[in-house]
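Here is a short briefing on one protein model. Please look over the sequence and the coordinates, then read the points below.

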Amino acid sequence: MNFIEGTREVTKGELQDHSITRYRVTKFYREQITDGDYYDQLKHIVEPSLKEFESPGNLDTSGEHDNTVSPGLQHKYAQTGLLLVTDRCASYCRYCFRKRIVGHKSDEIATDFSQIARYIIDHPEMTNVLLSGGDPFVLSTAKLHKILDHLLPIPHLDSIRFGTKAVAYEPRRFEDPTLPALFQRIHEAGKTAVIVTHFDHIGEISPAAERNIGSLRAQGVQFLNQSVLLAKVNDDSKILAATFAKCHQIGVRPYYLFQSRPVKGASHFQVSLRRGIEISRGINQRLSGIQKTFKYIMSHYTGKIEILDLGADGRVYMRYHQNKTPEKIGKIFSRPHLEGAGWLDDLPEG
């Protein structure tokens, strides 16, 4: 096999123990980055690396399984329900833990949408549902309409969100002439349609993506962006500042910069907390005031945690951003910093 570092012979056992052969990206995306100016960075998302053989970490550090309240529905935070509508993606990103737990046994997650709707109705604190998986836009528009049949009648839901990387990987999906009616249904039900894009690098924002975003915004669809901080790919404040500025320019509001998870087979993409804090500072120094909309976030199994700063006292200061315990939200806490730490659990308590 050809790796970024060169060619190596591998055994069947090695390929069974590691998911290297399961990676793929769309033809559009490969051509986009190969012909662009950022291939030396973005190739790490699409090309295998020898480091994946020794990369430590866990299968799933996000706590999703612990928060499943109904098949296909996770209620990790009070106001948000995460609806896993499919286990397929347009592409499998090399850094994503999901590639190791999806796509193995089925084409779609066996989700009971009627049961899910009953659960949401009984939880009026839930104000939005994020359709995720996988990627909801690998499903047909007709299938998405059937999912909305169960969600739109629920009065306390004020937004339906779609988490997708397809805007970068397969932007032609959004040229489907039947999609406007889908978003119009959401609007007519008195709810907001939101697409949460995953542009991790300015080199992923193609003219086709920009054009389709403009068209959908004209139909009333709102856009948010979340990026994952990835070693060798975008661990550069200049690149991320340019990415966020471009997002604002095309009407997409950056709201999360995620600290990447220590996932087995991909933990070599993790950036240390010290470096992440430096990058976050550098981004804010390069953006104008109105563009400073993002938060540097760690999606821990206990909830989302905003990473604030590394103090002169040698402690990492953080804030509970989303949590199962409402009383914690907004509270600042700290832990002693350890050089090289990249995750909350790497930091000692006390």
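How many helices and strands does the protein have? The protein has eleven helices and 14 strands. Helices here are DSSP runs of H or I with at least four residues, strands are runs of E with at least two, and both are numbered from the N terminus. The model is predicted, so local features need pLDDT of at least 70 and side-chain atom pairs count only at pLDDT 80 or more, while totals for chains, interfaces and linings use all residues. Residues are numbered from 1 along each chain as its sequence is written, and side-chain values use heavy atoms, with hydrogens and water left out.

**Overall form**

- The radius of gyration of the protein is 20 Å, which agrees with the value near 20 Å for a compact globule of 350 residues. This radius is taken over C-alpha atoms, and the globule rule is 2.2 Å times the number of residues to the power 0.38.
- The C-alpha trace spans about 50 × 50 × 45 Å along its principal axes.
- Of the 350 residues, 53% are buried. Buried means under 20% relative accessible area, exposed means over 50%, and partly exposed lies in between (1.4 Å probe, protein chains only).
- Among contacts with a separation of 6 or more, 72% join residues 24 or more positions apart. A contact means heavy atoms within 4.5 Å.

**Aromatic rings**

- The structure holds ten aromatic pairs. Rings of Phe, Tyr and Trp (its six-membered ring) pair if their centres lie within 6.5 Å; planes under 30 degrees apart are stacked, over 60 edge-to-face, and the rest tilted.
- One of the pairs is Y29 with Y169, edge-to-face at 4.4 Å centre to centre and 70° between the planes. This pair links distant parts of the chain, 140 residues apart: Y29 sits in helix α2 (residues 27-34) and Y169 in helix α7 (residues 166-169). Both Y29 and Y169 are buried.
- F137 and F162 form a tilted pair, because their ring centres are 5.3 Å apart and their planes meet at 35°. Here too distant parts of the chain are linked, 25 residues apart: F137 is in the loop between β6 (128-132) and α6 (141-151), and F162 is in strand β7 (residues 159-164). Both F137 and F162 are buried.
- Ring pairs join F137, F162, F174 and F183 into a cluster.
- R8 lies over the face of F53, 4.5 Å from the ring centre. A charge sits over a ring if NZ of Lys or CZ of Arg is within 6 Å of the ring centre and within 35 degrees of the ring normal.

**Q270 and its polar contacts**

- Q270 lies in the loop between β10 (253-259) and α11 (273-286). Q270 counts as buried, at 19% relative accessibility.
- Its side chain reaches two backbone oxygens: that of S260 at 3.1 Å and that of G342 at 2.8 Å. A polar contact is a pair of N or O atoms within 3.5 Å; within protein, one must be able to donate a hydrogen and the other to accept it, and residues adjacent in sequence count only if both atoms are side-chain atoms.
- Beyond neighbours within four places in sequence, the contacts of Q270 include A231, R261, P262 and W343.

- Helix α3 (residues 39-46) has L42, H44, I45 and V46 as its buried residues. These buried residues pack against α2 and α7.
- I307 is found in strand β12 (residues 303-310). At 4% relative accessibility, I307 is buried.
- Leaving aside neighbours within four places in sequence, I307 touches residues including L273, I277, Y296 and V316.

**Cysteines**

- A search of the whole structure finds zero disulfides. A disulfide is a pair of cysteine sulfur atoms within 2.5 Å.
- The closest cysteine sulfur to that of C247 is in C93, at 16 Å, too far for a bond.
- C247 is buried at 0% relative accessibility. C89 is buried as well, with a relative accessible area of 17%.

**Backbone geometry**

- The peptide bond from G133 to G134 is cis, with omega near 25°. G134 is in the loop between β6 and α6.
- K232 is not a glycine, yet has a positive phi of about 75°. K232 lies in the loop between β9 (222-229) and α10 (237-249). At 48% relative accessibility, K232 is partly exposed.
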